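Let's take a friendly walk through this one. Have a look at the model first, then read on.

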Amino acid sequence: QAVTCWNVASGFLERSCVPEEDVSTSEVTALSVSPDGSLVAVGYRNGGLTVRKYADLEPVFTSVHHKPGRAVTAMAWDSDGVLLATGSQDTDILVWDVSAQEPVHHFRGHVGVVVGLHFLTSTVLVSAATHPDSSVRVWDLTVKDCLHQVQTAIKDLSCIA
């Protein structure tokens, strides 16, 4: 439940917070810091998402758009920190406009849990999912559809970079 930030170079704890009673009282399952370091996105086992200011860990917004009880398992920011993609055990991918605090794209197609997300550009997102899907997909945010799918032989696919 707690979000704790450590300075790796010094080994010291920089900040920590235990959320109050809300969506973020579930176990943390995914974490991602925005490219400029100003925000941290936290995904939870209950399907919730909280975006917090990194400086003081105060919440910017909290939402549950993935199916309740289906953990957020992957997150990625676009290079400008404007968009945040989240993937889940519900096999869906949501792309959030962080300033509007709402999803602007909802992609379906994977059969397995989404385990990896990466923006190639601000309009092209790559995703990976586990067995039985075991595929990597390329999504175009402009046409709002999957452009390519690569079926892998890796049943235990666990990430992409």
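Is F107 buried or exposed? F107 is buried, at a relative accessible area of 4%; buried means under 20% relative accessible area, exposed over 50%, and partly exposed in between (1.4 Å probe, protein chains only).

## About the model

You're looking at a predicted model, where local features need pLDDT of at least 70, side-chain atom pairs count only at pLDDT 80 or more, and totals for chains, interfaces and linings use all residues. Residues are numbered from 1 along each chain as its sequence is written, and side-chain values use heavy atoms, with hydrogens and water left out.

## Ring pairs

Searching the whole structure turns up two aromatic pairs. To pair, rings of Phe, Tyr and Trp (its six-membered ring) need centres within 6.5 Å; planes under 30 degrees apart count as stacked, over 60 as edge-to-face and the rest as tilted.

F61 and W96 make a tilted pair, because their planes sit at 35 degrees, with the centres 5.7 Å apart. Both F61 and W96 are buried.

F107 and W139 are stacked, 4.8 Å centre to centre with 25 degrees between the planes. F107 lies in strand β10 (residues 102-107) and W139 in strand β13 (residues 135-140), so this pair ties together parts 32 residues apart in sequence. Strands are DSSP runs (E, at least two residues), numbered from the N terminus. W139 is buried too, with a relative accessible area of 2%.

## Around S127

S127 sits in strand β12 (residues 124-129) and counts as buried because its relative accessibility is 0%. Leaving aside neighbours within four places in sequence, its contacts (heavy atoms within 4.5 Å) include W139, H110 and I160.

Note on methods. Helix = DSSP H or I, 4+ residues; strand = E, 2+ residues; numbered from the N terminus.
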